[in-house]
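Here is a short walk through one protein model. Keep the structure in view as you read.

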Amino acid sequence: MKVFGIVGRKGSGKTHLAVRLIHELRSRGLRVSSIKHTHHHEPQLEPPGKDSYRHRAAGAQEVVLATDHGWVLFHDHRPPAALAAAAATPAPTLAEILPRLAPCDVLLVEGYKHDRNVVRLEVFRCREAAEPPLAELDDTILAVACPAATARLSARLEDRRLDLDDTGAIADFLLSN
């Protein structure tokens, strides 16, 4: 399984690129999975009061919501006593999540921008020009995808630049690294 990260600042277009890459890679016959890291601390399988919510509220460590078309697993990594409290806990690491996934050809990971164990691409847009690309300070980010109209990047990043609108070229880059 090839694990490839997509990082960038909020609103840069990470999800838009991830969705385009999933379509592109699937069209090439590859099995693709994804992980989306979010800062929302209480994602819901179902709204409060519904069955899976009630299972979690009762203290179940894992809840699977299964339908005729698929299933979702929610794993609560907090200690049982913390279930009633809304205290922030660290996100699970990729190393903790990866063994739970079914085999695939490519796993796209959106987020986990500080995990240097994953090959990563940064999505960068002009409107972020007040702050430099994350790759300026992190050599483990292999490339920066930005719109063709984006002003020239620093000399050290210009040769690692990809056109954000060329999904095929980004997929080729991903598969070659």
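This is a predicted model: local features need pLDDT of at least 70, side-chain atom pairs count only at pLDDT 80 or more; totals for chains, interfaces and linings use all residues.

Two strands count as paired if DSSP finds at least two bridges between them. Strand β6 covers residues 119–123, and strand β7 covers residues 141–146. They pair in the parallel sense over four bridges.

Now step back to the whole sheet. Six strands form an open sheet, and the pairing is parallel. The order is β2-β5-β1-β6-β7-β8. The edges are β2 (32–36) and β8 (161–163), each of which pairs on one side only. From one strand to the next, the twist averages 25°.

Helices come next. Helix α1 packs on the sheet and touches β1, β2, β5 (106–110) and β6. Its direction makes about 175° with that of β5. Helix α5 (residues 167–176) lies across β1, β5, β6, β7 and β8. It runs at about 130° to β1.

Which residues lie nearest the centre of the second largest pocket? They are Gly8, Lys14, Lys36, His37 and His39, from a lining of 19 residues. Strand β1 (2–8) and helix α1 (14–27) are the elements that each give two or more residues to this lining. By class, the lining has two nonpolar, 11 polar and six charged residues. The pocket holds about 410 Å³ of space.

Finish at Glu158, in helix α4 (residues 155–158). Its side chain reaches the backbone nitrogen of Leu153 at 2.8 Å. Leaving aside residues up to four places away in sequence, Glu158 touches Arg152 and Leu153.

How values were computed. Residues are numbered from 1 along each chain as its sequence is written. Side-chain values use heavy atoms; hydrogens and water are left out. A polar contact is a pair of N or O atoms within 3.5 Å; within protein, one must be able to donate a hydrogen and the other to accept it, and residues adjacent in sequence count only if both atoms are side-chain atoms. Contact means heavy atoms within 4.5 Å. On a 1 Å grid over the protein atoms alone, a cavity is a set of points where a 1.4 Å probe fits but cannot get out, and a pocket is an open set with protein on both sides within 12 Å along at least five of seven lines; lining residues have an atom within 4 Å of a point. Grid points are joined across faces, edges and corners, and a volume is the space filled by probe spheres set on the points. Ala, Val, Leu, Ile, Met, Phe, Trp, Tyr, Cys and Pro count as nonpolar, Asp, Glu, Lys and Arg as charged, and the others, Gly among them, as polar. Axes are lines fitted to C-alpha atoms, for helices over the stretch in contact, and angles run from 0 to 180 degrees between N-to-C directions.
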